[in-house]
Amino acid sequence: MLKDITLGQYFPGDTPAHRLDPRTKILLVLFYIIALFCAKGAAGYGVLALTLAVCVRISKVGLRALVRGLKPVLFIIIFTGLLNLFFTPGTRNLVEWGPVRISDAGVHNAVFMVLRIMLLIMGTFLMTYTTSPISLTDGLERLLNGLKKLHVPVHELAMMMSIALRFIPTLIEETDKIMSAQKARGADFESGNLIQKARALIPILVPLFISAFRRADELATAMECRCYHGGEGRTKLHVLKYQGRDYAALAMGAVILAGVIALGRFGI
Amino acid sequence: MEHLEPILQVKNLTHTYGVGTPFQRSAVEDMSFDVQPGEFLGVIGHTGSGKSTLIQHLNGLLRPTSGQVLLGGRDIWAEPKKIRDVRFRVGLVFQYPEYQLFEETVYKDISFGPMNQGKTGAELDHAVREAARLVGIRDDQLDKSPFELSGGQKRRVALAGVLAMEPEVLVLDEPTAGLDPAGRENLMANIRDFHRNRRTTVILVSHSMDEIAQNVDRILVLKSAHILMSGTPAEVFAQADALLEAGLDVPQVTRVAMALRARGLDVDPAVYTVEDLERQLLALRKGGAPC
């Protein structure tokens, strides 16, 4: 059941979207997010939705997997939508029912807010679906390299992130195992009130924490045994290099970003 | 063995993971077999042969994609709400069960299962102490934290946690994995005693052919989601060539017997205990064979 969590799951493949340099993809997602916040009207959002659709098509990820990724944030999406719908003051009220009012601006805001969040999440997920966690952190480390001059521990942060990402599936599997083992001893996670349900988690959380600490300890020992000493003077096995397709993709991203900003200027 | 109503029946069991995703695959495909009451059944197979998936169906942790599991003649999924009762009747000990300990004391940890069963007071106390005794946990260890114990002792506590539910069928997934030889023999002796004294049905999953050969009445050999063979140890190890071909091992004694046979000595290749081979060799010697 826990295995169904798609958060950041990588779908291996060999499409142009997979082959792009991870740095390119991070920058493109950044462009995309900026563009989303600059879009003002139907035209801007239309362009961005179309861009996403084309990228999804190229990556062959499948819309279903992408939509499934929205499930965990469904609550936030609905909440934002309702909040905007009811509490945006507008020029004209479409519905008035006692203290409850829905204004024209409210409808406008609600629709575009929901659309914005959905596109934002699907866009980011498309990146994690087509980029392995390792190359993603690799790209991030290279992009942030400049910050090293400001004494930001970029390498350490990237290493921590790769380790965290690497251990998510392991810990999920571990949780599944512990849950099964406790269920085999008659543990009941489904029935009871909230307090009983919270108490039922103790038999899972205690072994899980113990094993997480044990794993951390083992990993640290293993890294030290191989003389890991941080990023200083460390070279890469796979050195990232921008290719022609990366420049082309970045140029296209920039054009779309500029286009959406221009459309936003006109308020459409 | 007299013919009784089988306690556990697996009928055309199939389990498919990840239906409708690119990762779809069947871990168990159309498996059928019966388990008689009081039987000691061994299950062997390679990693990925479907052993773990299979045993998780026996106590209803996994639900079959198709097919049935019958406990005492009743489909365990006839009433999905009562699946917990099935888990008390079929006790499952996972691989490396010591990683599931969580309570402050050994006593409390062992009592987790029986308490979920609804046992209280003297009945609970008796179940816990009896289970601890069966696996050789001393009384003074019951008040210790399970995390203070050694690896082998932790494993015993975890096993006791399942035994304390007094299951009718005990399923063990590689109970001796990662233990030293003495710890292995000790734990297997506990399990054998438990089986003999209680007449509990035991299903033992193991990688070790020697362990299986020494303990079980009947063997089920799994290979890539199917049952490759089943029979008494003598029947199964008589097909040593087929086992080796399937990438599985045979007991060391059987390997010695096969090697002797290859050199022209007339020993039964299905031999699987040291005592049997010794008897045969002595008989051959008496008969005047070059030895």
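Modeller: Let's start with the domains of chain A: the centres of domain 1 and domain 2 of chain A, taken over C-alpha atoms, are 31 Å apart. Domain 1 of chain A takes in 2-131 + 241-265, while domain 2 of chain A covers 147-225 (the bounds come from an automatic or database domain assignment). Keep in mind that this is a predicted model, where local features need pLDDT of at least 70, side-chain atom pairs count only at pLDDT 80 or more, and totals for chains, interfaces and linings use all residues. Residues are numbered from 1 along each chain as its sequence is written, with chains lettered from A and ligands numbered from 1 in the order in which they are written.

Now for your close-up. Look at helix 7 (residues 133-143) and helix 8 (residues 154-184) of chain A: their axes come within 9 Å and cross at roughly 165°. (Helices, H or I of at least four residues, and strands, E of at least two, are DSSP runs numbered from the N terminus; axes are lines fitted to C-alpha atoms, for helices over the stretch in contact, with angles from 0 to 180 degrees between N-to-C directions.) That angle is why helix 7 and helix 8 of chain A count as roughly antiparallel (over 145 degrees; under 35 is roughly parallel, 65 to 115 roughly perpendicular, the rest oblique).

Who touches whom? On the helix 7 side of chain A you'll find A:P133, A:I134, A:T137, A:L140 and A:E141. They meet residues of helix 8 of chain A, including A:V154, A:H155, A:A158 and A:M161 (in contact: C-beta atoms, placed from the backbone, within 7 Å).

Chain A also touches chain B, in a contact with 16 residues from chain A and 20 from chain B. On the chain B side, helix 2 (83-89), helix 4 (112-117) and helix 6 (151-163) each give two or more residues.

Strand 7 (residues 169-173) and strand 8 (residues 201-205) of chain B run parallel, joined by 5 bridges. To spot a bridge yourself, find B:V171: its partner in strand 8 of chain B is B:I203.

Conventions
Two strands pair if DSSP finds at least two bridges between them. Two residues are in contact if their C-beta atoms, placed from the backbone, lie within 7 Å.
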